[in-house]
Amino acid sequence: MMRFWRKLRWRIFGSHFIVVVAGVTFLLLATEIIISNRTFTAIQPRLMALTQAENASDIELALLALQETYQNTLIFSLLIAAIGATLAGSVTSLLLTSGIIRPLEQIAQSSQRIADGHYDERIEISNTEELDRVATNFNQMAATLAQVEQQRIALIGNVSHELRTPLTGIEGYLQGMMDGVMASDEETFAYMYQEVRRLRRLVDDLQALSRVEAGQIPLHIETFDLSSVVERVVRQLQPQAIAQSLEIEMRCPGNIRAYADADRTAQVLVNLVGNAIRYTPEGGHITVTANLTAKRVEIIVQDTGQGIPPEALPYIFERFYRVDQSRARSSGGSGIGLTISRHLAWAMGGELSATSQGEGQGSTFYFSLPKS
Ligand code: ADP
């Protein structure tokens, strides 16, 4: 019974039914009581008069009086009973519907509060199944909105923080030259140029991030040879690796065919191999392996570098996250690269994850894609 009552459909049906039963019961009871009462007080005296009538005209008069009393009694009792039944039905209906209307009113109020920007608003779970579901979904939506709002605030904070560093640098050089404590020579301009490039890179990364997060990166999905893309990326980054005395080893058997966007795959690989180079000290070793598994193709980028501490591992794909804030910033990283890469991997139907044995133990990144 309780289970039926928790369903809105049966609750509304049940409520109507109870209202009808209450009304009809009141009608019958009231009619019964009034008629039996009036029978005693009004109809019986008329019947007595009829039995005592002595001639035809007296009988006729008594009959007329009886008929009138009977009619009045009937109309009066029905009228009173109908008013009573309406009242009884209305009261029952009000009591029953308030249990349905109250949660709906709360939803209306809460959604208004959320529209006004109070994202901490939540609805109490009601005792009706359908409304319960609405309340649960509503609360979930409010929690997501609160999270998005928090991310938005954090993003503005992060962006302004990131912009401040190069701007402060440029301001310092300009101030120094204006005050005459710094020479307006090629060296100073080269420093300033470095900072401007950093700004430019940051702005480009931010634009790429916003596009990839909005799902606005056009993808050209096709079957392509993964090994040749890996080779191209390694060749592109080789000079950087040589400059840092790093060795890059490639383990890519030919004929591994992926079904994705070749350029975006290369972009992710540039980020992964670039990071491996950046975070591996001189003399280190980087291995890029391509594998074919049952359902996917997988590229593993492994380095013998500084590694990632276990407590940082869950965060490295978040925007602006850097394990070592100061060191990474001086090396030019903005902490957005892996965020963009993971979104690209997801957009192509793939995955990007990382493991590391800890600091100084090197890192391994796994990048999978659908196979052809
Ligand atoms: P960044 O531009 O700072 O490199 P990423 O999003 O590419 O930004 O990387 C985020 C952070 O993850 C880096 O700042 C670094 O701390 C860590 N990280 C990424 N790749 C490696 C790696 N191969 N070895 C060690 N740490 C890494």
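**Exercise 1. Two helices side by side**

Which residues in H3 meet which residues in H4? Find them, then work out how the two helices run relative to each other.

*Solution.* Keep in mind as you look that this is a predicted model.

- Step 1: On the H3 side, pick out Pro103, Ile107, Ser110 and Ile114. Their partners in H4 are Leu131, Val134, Phe138, Ala142 and Leu145.
- Step 2: Sort these residues by class. The contact of H3 with H4 has eight nonpolar residues, one polar and no charged.
- Step 3: Look at the axes. Those of H3 (residues 56-115) and H4 come within 11 Å, crossing at roughly 10 degrees.
- Step 4: Angles under 35 degrees count as roughly parallel, and H3 and H4 are therefore roughly parallel to each other.

**Exercise 2. H2 against H3**

Now turn to the other partner of H3. At what angle do the axes of H2 and H3 cross?

*Solution.* 

- Step 1: Helix H2 covers residues 8-52, and its axis comes within 7 Å of that of H3. The two axes cross at roughly 160 degrees.
- Step 2: An angle over 145 counts as roughly antiparallel, so H2 is roughly antiparallel to H3.
- Step 3: Count the classes. In the contact of H2 with H3 there are 29 nonpolar, eleven polar and three charged residues.

**Exercise 3. From domain 2 to domain 3**

Which helix gives the most to the side of domain 2 that touches domain 3?

*Solution.* 

- Step 1: The assignment gives domain 1 as 2-116, domain 2 as 131-213 and domain 3 as 222-370.
- Step 2: The centres of domain 2 and domain 3 are 24 Å apart. Eleven residues of domain 2 are in contact with ten of domain 3.
- Step 3: On the domain 2 side, H4 (129-178) and H5 (186-213) each supply at least two residues. H5 gives the most, with seven residues.
- Step 4: By class, this side of domain 2 has five nonpolar, two polar and four charged residues.

**Exercise 4. H6 and H7**

How many nonpolar residues are there in the contact of H6 with H7?

*Solution.* 

- Step 1: Find the pair. The axes of H6 (residues 226-243) and H7 come within 9 Å and cross at roughly 35 degrees, in a right-handed crossing.
- Step 2: See who meets whom. Residues of H6 including Val229, Val233 and Leu237 meet residues of H7, among them Ala266, Leu269 and Val273.
- Step 3: The contact of H6 with H7 holds twelve nonpolar, four polar and one charged residue.

**Exercise 5. Around the ligand**

Which residues that surround the ligand are the closest?

*Solution.* 

- Step 1: Of the 23 residues that surround the ligand, the closest are Arg322, Val323, Gly333, Gly337 and Leu338.
- Step 2: Look for helices. H7 (262-278) and H9 (337-347) each supply at least two residues of the shell.
- Step 3: Divide the shell by class: nine residues are nonpolar, eleven polar and three charged.

Technical notes:
Residues are numbered from 1 along each chain as its sequence is written. This is a predicted model: local features need pLDDT of at least 70, side-chain atom pairs count only at pLDDT 80 or more; totals for chains, interfaces and linings use all residues. Domain bounds come from an automatic or database domain assignment. Two residues are in contact if their C-beta atoms, placed from the backbone, lie within 7 Å. Helices (H or I, at least four residues) and strands (E, at least two) are DSSP runs, numbered from the N terminus. Ala, Val, Leu, Ile, Met, Phe, Trp, Tyr, Cys and Pro count as nonpolar, Asp, Glu, Lys and Arg as charged, and the others, Gly among them, as polar. Axes are lines fitted to C-alpha atoms, for helices over the stretch in contact, and angles run from 0 to 180 degrees between N-to-C directions. Angles under 35 degrees count as roughly parallel, over 145 as roughly antiparallel, 65 to 115 as roughly perpendicular and the rest as oblique. A residue is near a molecule or strand if its C-beta atom, placed from the backbone, lies within 6 Å of it. A crossing is left-handed if the near helix is turned anticlockwise from the far one by less than a right angle, and right-handed if clockwise.
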